[in-house]
Amino acid sequence: MKPFIVLICKIIGFILRKFNKGSAYPGSLALKIDENIFNYFKMPKITIAVTGTTGKTTISNTLTAIYKHAGFKVANNTRGSNLKAGILTCLIENANILGKIKADVLILEIDERYVKKVIEYIKPNYFIINNLSRDQLARNGHFDIVWEDINAHISSDIHLVLNADDPLISKFSLYHKGSVTFYGLSKTIYSKNEPALNTLDLVYCPICNKKLRFTYYHYGNLGNYECSNNDFKRVKPDYEAKLVSDSSFMVDIVEIKMNSTSLYNVYNLLACYTVASLSNIPKEKTVEAINNLSLKIKRLDIMTVDNKDFILLLSKNETPISYNQSLEYVSKQKEPKTVVIGFDRISGRYNLKDLSWLWDINFEMLNDDSINKIICVGTFAHDIAVRLKYANVIPKKIVICLSSDEMLKVIKKHSLKRIYCILYFDVEKKFKKMLKQEA
Amino acid sequence: MKFTIAYLYYDLLNLYGENGNIKILKKQLEHQGINVSIKFLTIDDELDFDQYDLVYIGAGTEHNQKIALKHLLKYKEQIKEAIENDKFFLVTGNAIELFGKYIYDKNKKKHKALDIFKFTVKEEEFRMIDEAIFKTDLIDQEVIGFQNQNSVIKDNLKYPLFTVIKGIGSYPNSTKEGIHYRNFYGTYLIGPIIGRNPELLKYFVRTLIKSKNPNFKFKSFDLKLEYEAYQHFINKFYRDIITIN
């Protein structure tokens, strides 16, 4: 029966792809016919799973490039979904009808809430957990729940690859009986004595409940921490990056170039370097692959219309740690500017209207003389405006626009040459369309 | 006039943007010309309830809640006395559970709480997450907010703050929620509640100030944005929320 299910689902997947429908349908159909179908697949020698609040797709794409460059055949799910049916779809697509994955290396990014549902079937050799922070709380509840779910499903035969700088991640090593390798970033010129977020997730020792002492913060609650009882601290990473410039870092004795200047990108690339090194890929190959990377890692997305530059910063709602980095980026740009913020839906996944996350983001960073106006757009424009008010943004700088026409008028009238647009997917799409029509 | 707010367990019970309640109160009290000082306090600090005009505690993870509870229990008698003497408490999210008799956690372990109100808390296997629309006698406007919690209070509430129009309330399908006893205001609602409900904010700020000076001359509140946000939400989503299920 199972070979038949795989065959049927492969054919359906093939047809869907022909029509450019990258969906998780083959996987969900297979599960409907046989809920034990996951057991059927035989994984290749190198199987890598990746999870975390941010960086999953970048890591999977980069690892794919590295192993391909080293001459391996690679299968991954970066085109599809990272939930249960999506991962199964990837397996079906890449397996023969006997369930054997026809690749040397399998790289799977897994949504952090779905690790518990798939990890026992995937049995990865390496499991990268890049970071965890408050994210989509109207779905996830909170980060402890996500942590517990993952921890309960890591078997001791899995080699964990953990971010040493994130206490919530290194906490996994306290309970894991198998191998652990740590990666981390040493102190940089950007390290701060105070956190940039005022609501941090884990700042108490998971063993003795004493407050952790941070000697510096990179961002969020990533940094160098230790418990005063010495029960828990940042361990010296096996692979420690040293920031050389805004666009490169050193690890071992090699220099790795980044095509995005954000610190979180160091972790993404370093995680890849670590796993490549553990699986004996020659250093040169790894570095070449990363440095030649032609991946679509987010660069600045700029549209110029009527001699005005619109810098589009796609920002995911409900993930304060990354939203905050968009704001930090804007506040670092010293030139006079206008800011546009907005979203129509809070989540693409559910219809709940939880607005509490707005208060976990430091909109205070936008209380800055170089900003002339902050234009609030989308369904929740008023709620954004209220948040800005309590971030002490001068009231006359706050403008609310509900319709696209109004927004266009306001932008024409008030905006300066540089316009930073912090938008969710839905508004970004409309916004780009509107700008194209204007151009 | 000077006003001191104790923000208890700011680094442990800090989920769901609840720090917004503090930012909002500070700005609104300052708008009335009051000098506001905020004390950020946590388990390494000594508490002295005589020094605070208002005590605020917000939502946290179940784990952090127990850490905070252990510390707070040392002050059980002082807290009881403070509440009986009309000290203001604003307690949101699962922080309300600290003031009951017991919390039974997921592993059925019983945690002694402050025993100020006679209810017990049970942590469920599932999480309850939903929109909320409540009503209270304190103001005319219905109260909007959100709930995201693991636990329920199934005892009859002697001093409920809200009637549930829609939402989880104290437990799924309950009709009453929260506690209003003297100047103690407690609710599972997150939002932040006074950020999303301008009438409630106004009521709360007025009551706070009047407790210190009954003849206080209030400046008019500048809550235009807040009223617009509230009204926009009601216009756009009220019917949907009410009719779901």
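Okay, helix 2 and helix 4 of chain A. In helix 2 of chain A, A:P26, A:G27, A:S28, A:A30 and A:L31 meet A:A85, A:G86, A:L88, A:T89 and A:I92 of helix 4 of chain A. By "meet" I'm talking about contact, where the C-beta atoms of two residues, placed from the backbone, lie within 7 Å. Helices here are DSSP runs of H or I with at least four residues, strands are runs of E with at least two, and both are numbered from the N terminus.

So how do these two helices pack? Helix 2 covers residues 25–33 of chain A and helix 4 covers residues 84–94, and they pack at about 95° with axes 7 Å apart. That angle makes helix 2 of chain A roughly perpendicular to helix 4 of chain A, a label used for 65 to 115 degrees, while under 35 is roughly parallel, over 145 roughly antiparallel and the rest oblique. The axes are lines fitted to C-alpha atoms, for helices over the stretch in contact, and angles run from 0 to 180 degrees between N-to-C directions. By class, this contact has six nonpolar, four polar and no charged residues. Nonpolar is Ala, Val, Leu, Ile, Met, Phe, Trp, Tyr, Cys and Pro, charged is Asp, Glu, Lys and Arg, and polar is the others, Gly among them.

A word on what we're looking at. This is a predicted model, where local features need pLDDT of at least 70 and side-chain atom pairs count only at pLDDT 80 or more, whereas totals for chains, interfaces and linings use all residues. Residues are numbered from 1 along each chain as its sequence is written, and chains are lettered from A and ligands numbered from 1 in the order in which they are written. The model scores ipTM 0.97 and pTM 0.94. Chain B averages a pLDDT of 96, with 100% of its residues scoring at least 70; pLDDT is the predictor's confidence in each residue, from 0 to 100.

Now, domains. Chain A is assigned domain 1 (2–291) and domain 2 (301–438), with bounds from an automatic or database domain assignment. Their centres, taken over C-alpha atoms, are 30 Å apart. Domain 1 puts 17 residues into the contact and domain 2 puts in 16. On the domain 1 side, helix 6 (residues 137–140) of chain A gives the most, with three residues.

Next, the sheet. Chain A has an open sheet of six strands in the order 12-13-17-14-15-16, with mixed pairing. Strands pair if DSSP finds at least two bridges between them. Which strands sit at the edges? Strand 12 (301–305) and strand 16 (398–401) of chain A, each pairing on one side only. Further in, strand 14 (residues 337–342) and strand 17 (residues 418–423) of chain A run parallel, joined by six bridges.

Helix 12 of chain A lies across strand 14, strand 15 (371–377) and strand 16, at about 170° to strand 16.

And what does chain B touch? The contact takes 26 residues from chain A and 31 from chain B. On the chain A side, helix 12 gives the most, with six residues.

Two local details to finish. A cis peptide bond joins B:G191 and B:P192, with omega about -5°; B:P192 is in the loop between strand 12 (184–187) and helix 4 (193–196) of chain B. Over in chain A, A:K123 has a positive phi, near 40°, and isn't glycine.
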